[in-house]
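Hello,

Here is the structure we talked about. Please open it and keep it beside this email while you read.

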Amino acid sequence: MTQQSTLPGITSSGPQLEVRADASWLPEAMRERIREQGRVEHSTGMTRAEKKVMRKRRRIPVSQWAERHRVLTQSSMPGPWRNRTTPYLAGLMDAALHPSVQEIGLCKAPQVGGTEAAHNFVGYAIDRDPGPVLYVFPDEIMAKENNRDRVLPMIKSSPRLHSYMTQAVDDASNLRINLQHMQIHMAWARSASRLGNKPIRYLIFDETDKYPEQTSKRESGPIQLGSHRTQTYKQSRKIWKLSTPTTERAPIWHYMSAEAEAVFHFEVACPRCGHRQIMELGREDSPHGIKWPEDERDPARIENNDLAWYKCAGPLCQADPNAGWSDYERDRAVRSGQWREANSGLELFEHLRKHRPRRIGFHLPAWISPFVPLSEVAAAFLRSYQDKTELKNFLNNYAAEPWLDYEVEREEDQILELCDERPRGQVPGGGQTACLVAGVDTQDDGFWFEIRAVGYGVAQDSWQIREGFIPADWTKVSPDQLQGRSWPYHPAFDTLRKVLFEDTYQDPDGTEYHVLRAAIDAMGHHTSEVYDFCRAHRGRIVPVQGMRSRANRPTKWSRIDTYPGTNKAMPGGVQLLQVDTNHYKDQLATRLQIAPLDPGAWRFHSQTSRDWARHLCAEYLDEQSNRWVCPGHKANHGWDCSVYILALVDELGVKYWDFQPSSGNEEPGEARREKKTKQPRRGRW
Ligand SMILES: [Zn+2]
């Protein structure tokens, strides 16, 4: 837009000022120059490149920018960038520009093209939103190579980006690119001094899992050091973390599982039936996933003859034995795909708008890549049976998942060693049981529960009595059914009530026990319903909220009078038990180390499954944050149930109860138990 300025002979157009020779107020010398040159641009202290950026500073999606200005040279498909080739990169590049987002993690298989997304973003930044860039590579050689083979060619091959280059000789110096208006620095993990000075706005950590391990605890890692440099740009910084995963505790998986506030998976649409799904390898016995002929186990033959296909999970394709995607159909499915958040279930941009996360992560397995034939994946998977190196290769480079430490396998076995001879449901005899308590983990698809017997005394021996899962299909209950109805709201709660409050459990002497108290997870899933269930069973079950940060007191009561997110009064209210989960997880981890015959052991009945044992190994203590984290959305429900049980036992003060030796058969167990049960403290129940 051009408008007349207040001074004659001067016109401003956006950030530019044009001064004409009829500007009589100018010194004669200046007017002379204008007459010669036609016009003079008023200098605002900006360089020409800066002004160029100002002029073109329209925010367009990075993916659009890439199609206009990015040219691939070192690629199997050289030429202008096309989003259609790797459609999944378009969404994540654009998401990086979202105002709330400061960190973007890509946990990726090597052949998905993920690094190009970060390069595109840097190209965009050069042209539209400049600021100092720092790339951090695992070592010096990689830093130099990437500079020479990736970053410089990107700038030189794009006419737009090329126009920002200076003619100075150090343009192409090994570790820095000087553009007219900004600099791009190259560093590597050990060049800590290079990481420690200039402020940086755009930071790209490439192949984080190849960074050398920190030598001492006092020394800050490259990721921390680099990130410190972005402090100046706190609001507008963008930090990329890219890697093929290695182990669970290495940087990228740690980011995905413990740091990212939102994790996205790519949902594709079947070109045959339209069914939307997240592609997965699928277990061999599962009805969908990557498939190959049943009688063929030779990886080489599968790969060379292209024998694999993808079986869609949609009901129509499932019903048709001949419906399987070829590589071509897989590519079509990916082209109509979109990113979806793992917990909210929302589409990428919907999630960003609604939740405004600062740290986001994307998972990119090899099978969404047009560069990886399905048969190559199938072959790699079959080879993974041969030895652990192949398995690690498959997990890291195809599934984009971390390799599980052997340690974890051992832990599982250790847990199974805590089993005794009792069948499921049997309470230990000899009058050692003070009471039964239960913990319930509420999930979107149902309830995980565990019932345990607790012994007398400070050791608080513990025996698993019963554990399991009660499925609840919430979608089958319409909101109308839920509205204003008295308890029970859902059939699953009936099953839960039966398990917790109606079923009885016996010891070998025939003494009967009921569950004395239960604690149920009230947060995240169906909080109102859980509150109502607790209100309908006052004195028997309490709602629990797990607190993630460490607190001064392990438990705390909080009174709730209204339904969550509303002003609607909850008749009688509920007392919510807030639990410092880290405290009880520390305790549980210690208890699991106690040998089965020693006091205080956390014992299991003889029918406990390996799955349950696995739940108890899912989390680990992150030493930096001193918090327990659950990597990779592993199932940890048994672990959570145990935590609620520990908190409940603490709250009940079971360790202060008087031990009364069994008085024999003349006294029924129920009466005996009642006699021994002291009223819990503080009258919260
Ligand atoms: Zn289908």
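A residue counts as buried when its relative accessible area is under 20%. By that rule, Cys270 and Cys312 are both buried. Keep in mind that this is a predicted model.

Start with the metal site. Cys270, Cys273, Cys312 and Cys317 coordinate the zinc ion through their SG atoms, at 2.3 Å. The angles between the four donor atoms run from 107 to 114°, so the arrangement is tetrahedral. For comparison, the ideal angle for four tetrahedral donors is 109.5 degrees. Along the chain, the donors follow the spacing C-x2-C-x38-C-x4-C. Cys270 sits in the loop between strand E13 and strand E14, and Cys312 in the loop between strand E16 and helix H12.

Next, look at Glu296. You will find Glu296 in the loop between strand E15 and helix H11. Its relative accessible area is 12%, so Glu296 is buried. Its side chain makes a polar contact of 3.0 Å with that of Arg301. Glu296 also touches Ile302, Leu307 and Leu382.

Last, the sheet. Eight strands form an open sheet with mixed pairing, in the order E26-E27-E25-E24-E19-E20-E21-E28. E26 and E28 are the edge strands, each pairing on one side only. E26 and E27 run antiparallel and are joined by seven bridges. One pairs Thr555 with Val579 in E27. Helix H21 packs on the sheet, and its direction makes about 50° with that of E27.

Best wishes

Definitions and conventions: Residues are numbered from 1 along each chain as its sequence is written. This is a predicted model: local features need pLDDT of at least 70, side-chain atom pairs count only at pLDDT 80 or more; totals for chains, interfaces and linings use all residues. Side-chain values use heavy atoms; hydrogens and water are left out. Helices (H or I, at least four residues) and strands (E, at least two) are DSSP runs, numbered from the N terminus. Buried means under 20% relative accessible area, exposed over 50%, partly exposed in between (1.4 Å probe, protein chains only). A polar contact is a pair of N or O atoms within 3.5 Å; within protein, one must be able to donate a hydrogen and the other to accept it, and residues adjacent in sequence count only if both atoms are side-chain atoms. Contact means heavy atoms within 4.5 Å. Donors are N, O and S atoms within 2.8 Å of the metal (3.2 Å for Na, K and Ca); water is not among the atoms, so sites may look incomplete. Four donors count as tetrahedral if all angles lie between 85 and 135 degrees; four count as square planar and six as octahedral if opposite donors are over 155 degrees apart and all others between 65 and 115; anything else is irregular. Two strands pair if DSSP finds at least two bridges between them. Axes are lines fitted to C-alpha atoms, for helices over the stretch in contact, and angles run from 0 to 180 degrees between N-to-C directions. Lists of a residue's contacts leave out its neighbours within four places in sequence.
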